[in-house]
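Reader: Hello! Could you show me how to read the way helices pack?
Author: Gladly; let us look together.

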Amino acid sequence: SLDIIVTPTIALLITGIVTYIVFMPVGGFISDVITKGLLTVLDMGGIVAGFVLGSTFLPLVVTGLHQGLTPVHLELINTIGDDPLLPILAMGGAGQVGAAFAIYFKTKKPRLKRAIGGGLPSGMLGIGEPLIFGVTLPLGRPFITACLGAGVGGAFQAYYDIATVAVGVSGLPLAFIVNHGEILLYLVGLFIAYVAGFIFTYLFGFKDEMAGEFD
């Protein structure tokens, strides 16, 4: 009877004390390092850092690792009052939307057109997985050109230091949480990523014979 009461109580007390004394300070130090590191990269790297961060976000989405960035976004908002990273990473979905439009206009395969038509609305609203796993990733090269288009948009966002005041879904809805006075610039950057993804894919990323599985 005593074991049922005493053992959990002692275990909880020890865990709580160790967490408070050891893990919380260590976690705070790591958060500070990550936040300062990202801000330093953006300040020193500028458009180059924006291009690299924007173009590498889609591979993170494929692996699911992008979910681990949520605490980073929150810590940036907590530390500096806004988040300059989220608009850059949001260009990943925009580059893919542009790539999907290019494939839609270039392909003659009805099944592929239907897949793109079903994924584009959600892609423009910030949900990129249908286009990633249903279109660009299976085709291969369009996934790469979508990343390049995202990099161009990310460079634009970094150059103008666009930031959000909260964490939310990317794409068009992200405009609602962008800093006041930067909404138009964010939308311009989004459009640039659309166009860049479209151009890269239309010129270099897709030939209809690549879509044999959609016959």
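Author: Helix α6 (residues 91-106) packs against helix α8 (residues 129-139) at about 65°, and their axes lie 11 Å apart. Axes are lines fitted to C-alpha atoms, for helices over the stretch in contact, and angles run from 0 to 180 degrees between N-to-C directions. Helices are DSSP runs (H or I, at least four residues), numbered from the N terminus. This is a predicted model, where local features need pLDDT of at least 70 and side-chain atom pairs count only at pLDDT 80 or more, while totals for chains, interfaces and linings use all residues. Residues are numbered from 1 along each chain as its sequence is written, and side-chain values use heavy atoms, leaving out hydrogens and water.

Reader: How is α6 oriented to α8, roughly parallel or roughly perpendicular?
Author: Angles under 35 degrees count as roughly parallel, over 145 as roughly antiparallel, 65 to 115 as roughly perpendicular and the rest as oblique. The angle therefore makes α6 roughly perpendicular to α8.

Reader: Which residues in α6 and α8 meet?
Author: Contact means heavy atoms within 4.5 Å. In α6, Gln-96, Val-97, Ala-100 and Ile-103 meet Leu-131, Ile-132, Val-135, Thr-136 and Leu-139 of α8.

Reader: What about α9 and α10, at what angle do they pack?
Author: Helix α9 (residues 141-159) and helix α10 (residues 183-205) pack at about 150°, with axes 7 Å apart. They are therefore roughly antiparallel to each other.

Reader: Where is Glu-182 found?
Author: Glu-182 sits in the loop between α9 and α10. Buried means under 20% relative accessible area (1.4 Å probe, protein chains only), so Glu-182, at 19%, counts as buried.

Conventions: Helices (H or I, at least four residues) and strands (E, at least two) are DSSP runs, numbered from the N terminus. Buried means under 20% relative accessible area, exposed over 50%, partly exposed in between (1.4 Å probe, protein chains only).
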